[in-house]
Amino acid sequence: MQRLPAWLRPHLAAIRAVAVLTVLLGLIYPLTVTGLAQVLFHGSANGSLVGGDAGSALIGQSFTDARGVPVGKYFQSRPSAAGDGYDPTATGASNLGPEDVVDILPGPGEPGRQSLLTRVCARSKAAGELEGVSGARPYCTPGGAGAVLKVFPGHAVSVNQPCPTVPFVATYQGLRVECGRPGVDYAAGRTVPVRGDAGAPAVPADAVTASGSGLDPHISVAYADLQAPRVARERGIALERVRTLVAEHTAGRVLGFIGEPAVNVLELNLALDRS
Amino acid sequence: MSATAAGALFVASLVIAVALLHRPLGDHLYRVYTSARHNAAERGLYRLLAVRADTEQSWPVYARGLLAFSVISVLAVYGLQRLQDRLPLSAGMPPVTGHIAWNTAVSFVTNTNWQSYSGESTMGHLTQMAALAVQNFVSAAVGMAVAIALVRGFARSRSGAIGNFWVDLVRGTVRVLLPMAFIGALVLVAGGVIQNLSGTHEVGTLTGGTQAITGGPVASQEVIKLLGTNGGGFYNANSAHPFENPATWTNWFELLLILAIPFALPRTFGRMVGQVRQGHAILAVMGVLALASVLLTNAFELGGHATVPRAVGAAMEGKEVRFGVSDSATFGAVTTLTSTGAVNSFHDSYTPFGGMMTMANMMLGEIAPGGVGAGLYGMLVLAVITVFVAGLMVGRTPEYLGKKIGPRQIKLASLYFLTTPALVLIGTAFAMGSPERRASMLNSGPHGLSEILYAFTSAANNNGSAFAGLTVNTPWYDVALGLCMVFGRFLPIILVLALAGSLARQSPVPEGAGTLPTHRPQFVGLVVGVTVVLVALTFLPALALGPIAEGLS
Amino acid sequence: MSAPVLEKPLARTGRAGGLLDPRHLLVALPDALKKLNPATLWRNPVMFVVEIGAAFTTVLAVLRPSFFAWAVVVWLWLTAIFANLAEAVAEGRGKAQAATLRRARTGTRARRLRSGDAAEWDEIGASELRPGDLVVVEAGEIIPGDGDVVRGIASVDESAITGESAPVIRESGGDRSAVTGGTRVLSDRIVVRVTQQPGESFVDRMIALVEGANRQKTPNEIALNILLAALTIVFLVATATMQPLAVYSKLVNPGVPDSPALDANGVTGVVLVSLLVCLIPTTIGALLSAIGIAGMDRLVQRNVLAMSGRAVEAAGDVSTLLLDKTGTITLGNRQASEFVPVAGVGEGELAAAAQLSSLADETPEGRSIVVHAKERYGLRERDLHGAEWVHFTAQTRMSGVNIEGRQIRKGAASAVLAWVREAGGRPADEVGRLVDGISASGGTPLVVAERNRVLGVIHLKDVVKRGMRERFDEMRRMGIRTVMITGDNPLTAKAIADEAGVDDFLAEATPEDKLALIRKEQEGGRLVAMTGDGTNDAPALAQSDVGVAMNTGTSAAKEAGNMVDLDSDPTKLIEIVEIGKQLLITRGALTTFSIANDVAKYFAIIPAMFAAVYPGLDALNIMRLSSPQSAILAAVVFNALVIVALIPLALRGVRYRPASASRLLSRNLYVYGLGGIVAPFAGIKIIDLLVQFLPGMS
């Protein structure tokens, strides 16, 4: 040991250190914590399962049928970007930017891609239809696409409205507005999102946006309130009863200021099923 | 209460908690790193390591030990990933691809915890526990060791030694991180974070489908991911995932874990140099920058000035309902200010200026308060540069804490200051220069540019968060970002240790009326100003073509 | 041998010396152009980058000429030339001084003695002299080299180096033995032992110094250069890496036409170089060496020669100042202020005795007694016949007179009292009390006695120079501790120290005590400055960080110190410290200014480059500059002009008023930091208003 060259000595110590610390921090520590957690907090340590293995109270679910159509008797969760929706093995967000407003229109040999704005508009329209309210939002066309123009010297194009859809405005600052043709490159035009005259939207923000995890177990109180009449109707129970259950499954801000009030959708739906 | 008011109270409560905690924790750290006695467990560890714990090391010896330890760590993490299918607790995962394994190994060893993989579909439980979580501990301990070595350089006089790396490593781990992590892990489990060794568990959903509920030793890793300002999530969704951050109050607790040590170290610094007020000044610089950044990020996110947030009515894309916009923005600011890189919301979908804040936080050089240890030494290097320019203006050879800032110190500090911006900008330029690398962008236009700029900023500053739309698990990005992480971590460390050595050798100059006082608000303001101006000047062109262009459109 | 007629080369040319005369610029222009040679310019990394940029844009302008491109090219070259101009102007002033000095040196012949006491000599050239050679110099001849007088006494005209026309006495032995090569003996004949190596005479070194020929960079200058180089690299990286980003930005906005600033290949070369030159710290980079040269020059103007720039810088760092009491804090001589008779003796009797004993005393103290007796008691000087004068010796420590059977003595109390007792007198205790009282008040008591009777005590008082207390208060505010060095006893020393307002004193100081004090201060990390002239000061001068030797002092002292004060004025130390500080402050202030300037330049250039592709960025054009071209040109022009505008400041140094570090910093931050941010906004806007009318600016 003493006769080792000087440059090698720290490496031997390093190998020993990595090995020893791996055993201590990588095995003894987590296994001890696991043991204690399993004893002290068995439920939460194993995923807070609820409803007789119907899911985890912490993990959101889709309440849609096999075709992806919302099941009316259930409160609906937020849109999800995790896999095909609420897939815990593929968590994550859409990662689309705040100015992602131009779609790639589907065409021959081109699957197309919806911009975040169009997704928001489409979700808003769908939710509005489901709940029987207006799905209109600023920057959205009545058809549920992003109201975005590409402006050229001689004309303008509503790029998110594929032909033959009629553009949401006929003219823009005197320029004729055309519908978008798939496969045409509109990059040279100036991008102009058009706010339109929609007032405060009836569909709340969380209903039209995907969460960060894709597993958000909550919806806002506003979105729950929006859905309550439909659920009551579908289930044939009193709206008041549904509202009471919503209130029971609403977690307010801790200490009055930590976090935002949120309604746990799975637990609410379980409670509805039970009642 | 409005969401804004609640968000403000949330920030205020964190400030108070950090203020209450920094003193006892800072004093504890002071005792840990200055005590002459080894406890029984440590003596046992030193015997196992076969190191002489009572000898002090010169800076080159200290650095050699640190580098050797890091090289071996990279090999160990790489090996465990590549062999995970042949080891127990693999949860059925195949071996990790070579370039991803390399990237992940350097990422965790450098305290970056950039993830070019998705945890739930790539890493087995053993890899998470014995490779990744172990590095969460020791990379943080290494960061603290380097910071303490630099502080010793200021505190000592006419000494060739800056401490003993093995002792600093072991003490930081055993006396600080391990006990805090142990308690923190149990708190998190109580809040709903899972801690088991199961595989995935199929449940039947209410509408007749199935859902795979994942298992794993999450809490034990989650806590050190935050406490050590590492940031590498067990899951791809990181701290947005309900199993990592289930409740609103765990969100608060996780932020406190992130901020605890970085904000306590200035106190340790003050104690070690024998002037607590010097620690206060450093703390004030960190605090001012951090608070300004948190408030600005909140303002931008709550303001929601961009087309999609305006259409939505709030910047809710990529954010969880339970956290809301404000607590998410606070987390986003804190995680980028601290070199943590954990996220509870996805920065790629932030408003242009909100997203720019997360980038700017990292561009500050991770100093406000920065990563565990790394923040303090980065801040001290900036203080050295500030002292130099300001010191000239009072007509004396600049000195900081009685140590003269001469050519050698400025050379080391300048190189330190050069390293990270050069890595960020050169890396970004190389990526932007090639169409196939640009193809990794998810978003187009200035936002796509921001994704790449963010990636290199994050890697070179050892943060690890991302504008996650960028597809980075390609060989080019894995290698390039890996190199940025390595150079962004170890070049500064070597420079800091050399600086520590050069300072320790000096005998201190006594303070007088002609000495620039470095504990007054004036100096605090000056360091803040120098930092902001230098960072702005360096990165403004790149930011102008990314988030600023997007935000002003 | 004809001695060259010398004008006064180093006469004080006025403290304002930095005010720039346009003629200086013109005279320095050829030198400035010569300095464009890359082989010399590369030592200044900032300006070297400017030059490469200028050369590169010249090529671009040749290939694709446009008015805009050529305008930028011209101003980039001007930037480099202005920087060289600053240095050339600073050097120019030194060169004129060197030329006169050089004339004093050339062609001198020396008569070297063949052996120590021989009368024969060889006539050789002054340059052949070696240390230890003995040369003889007679009236009218030029002393051929630095050395010490070993035989004889002579009056010497040293105006060649000091500018002081009054001749000085140089004699063998003692502390006035040093002579300097190039000075002229006016009377008598001396033998000088040469102490210099050939080519290293005092005048040689002076020439090298004022010319700045082998000017060594000082530590702070090196450190600052490193920082500037690092900033240059940062901005180089920032601008170079911007290019792929610019290309991409143009690519994703295909509808935007090419502009003079941006096309499909990215930002055009001319604009990219403009941005780079505007960002790198050209202001301080251009003026840095001029500041250093001018600092030395300011010392020379005050007749102080620093042997290295390092010493000047160290002067700014001094935290302990050792000052000799006599000549520095007090007027050289003590003066009689009072005659205190013992009981039973009238004041008049004492005054008369004191006067009598001092009539032949030519020391300043003795003369002051006579004067005091005359002014206060109307006693006229008398012509005494048959008086036997007793002169002061180190053994007797008294002087006096024997006349008409009376023996009157005055002197140190112990000596006089012993003399009185010897004659059987029994001095009253009162004498002791009087003596102690005077000592305690800082005075020097001289006891006057007539054989066996003590008459009284003369109170000799040290007169502290006017204004010293204020200067020491200033020093204290600057963080400098003043220590008075004196041979007086502690009691006297304390009284004077209190009166003068110094922080501390070292009483009954021997050269060893002085050296020990310096070492002690240095061990505590303090830098020490002192003045000295005697050979026995040499070790302390060598040990101190700033050792100012008096030009009247010995060669040993001059060799040991790192500065020589040609005026031999010990209070000069205070000015030296201020010049050292001013030097550093000027560097720091201009660095801050330079970096602060960049903020405005970004606001000018970034929108100019990119507002075409991202119209929103026009919001950054807060100066509302008229067009991208005029914005860029205005920034470049401002960047160049600010160098010229600041040359006077660099040469003069920023205003320095002694104050605490905090207040100094606040003031300089406001002026140069805040000013540095604001000034270019105004400057660039004004230039833009003018250049927008040039062709090709829209």
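In this predicted model, B:T420 is a residue of helix α15 of chain B. Its relative accessibility is 13%, and because buried means under 20% relative accessible area, B:T420 counts as buried. Leaving out residues up to four places away in sequence, B:T420 touches B:A460 and B:N461.

Rolling a probe the size of a water molecule over the atoms shows where empty space is left. The structure holds 10 cavities of 30 Å³ or more, and the largest cavity has a volume of about 390 Å³. This cavity is lined by 32 residues, of which B:G365, B:E366, B:Y416, B:T420 and B:N461 are the closest to its centre. Several helices of chain B, namely α13 (352–363), α14 (374–393), α15 (407–432), α18 (475–505) and α19 (521–551), each supply at least two residues of the lining. The largest share of that lining, 6 residues, comes from α14(B).

In soluble globular proteins, nonpolar side chains tend to be buried together. The largest nonpolar core of this structure has 355 residues, and the members that touch the most other members are B:F69, B:Y400, C:M563 and C:F610. Helix α20 of chain C, which runs over residues 572–610, gives the most to this core, with 20 residues. C:F610 touches B:L545 as well as C:M242, C:A246, C:L262, C:V267 and C:L617, when residues up to four places away in sequence are not counted. A second, separate core has 50 residues, including A:C140, A:A228, A:V265 and B:V312.

A:V265 brings us to helix α6 of chain A, where A:V265 is one of the buried residues, together with A:L266, A:L268, A:N269, A:L270, A:A271 and A:L272. This helix covers residues 265–274 and is mostly covered, since 7 of its 10 residues are buried. Which elements do the buried residues of α6(A) pack against? They pack against the strands β1 (49–50), β2 (55–56), β8 (218–219) and β10 (262–264) and the helices α4 (221–235) and α5 (239–248), which belong to chain A.

Elsewhere in chain A, an unreviewed UniProt entry places the feature "transmembrane region" at residues 12–31. In the model this span is 100% helix and 0% strand, and its end C-alpha atoms lie 27 Å apart.

For chain C, an unreviewed UniProt entry places the feature "binding site" at C:D533 and C:D537. C:D533 lies in the loop between β22 (528–532) and α18 (538–543) of chain C, and the place of C:D537 is in the loop between β22 and α18 of chain C. Are these residues buried or exposed, or something in between? C:D533 has a relative accessible area of 32% and is therefore partly exposed, whereas C:D537, at 8% relative accessibility, counts as buried. Leaving aside neighbours within four places in sequence, C:D533 is in contact with C:M550, C:G553, C:T554 and C:A557. With residues up to four places away in sequence likewise not counted, C:D537 touches C:K514 and C:G532.

Technical notes
Residues are numbered from 1 along each chain as its sequence is written. Chains are lettered from A and ligands numbered from 1 in the order in which they are written. This is a predicted model: local features need pLDDT of at least 70, side-chain atom pairs count only at pLDDT 80 or more; totals for chains, interfaces and linings use all residues. Side-chain values use heavy atoms; hydrogens and water are left out. On a 1 Å grid over the protein atoms alone, a cavity is a set of points where a 1.4 Å probe fits but cannot get out, and a pocket is an open set with protein on both sides within 12 Å along at least five of seven lines; lining residues have an atom within 4 Å of a point. Grid points are joined across faces, edges and corners, and a volume is the space filled by probe spheres set on the points. Helices (H or I, at least four residues) and strands (E, at least two) are DSSP runs, numbered from the N terminus. A nonpolar core is a set of buried Ala, Val, Leu, Ile, Met, Phe, Trp, Tyr and Cys residues joined through side-chain atoms within 4.5 Å. Buried means under 20% relative accessible area, exposed over 50%, partly exposed in between (1.4 Å probe, protein chains only). Contact means heavy atoms within 4.5 Å. UniProt positions are given in the numbering used here, feature names are shortened, and annotations may be inferred rather than shown by experiment.
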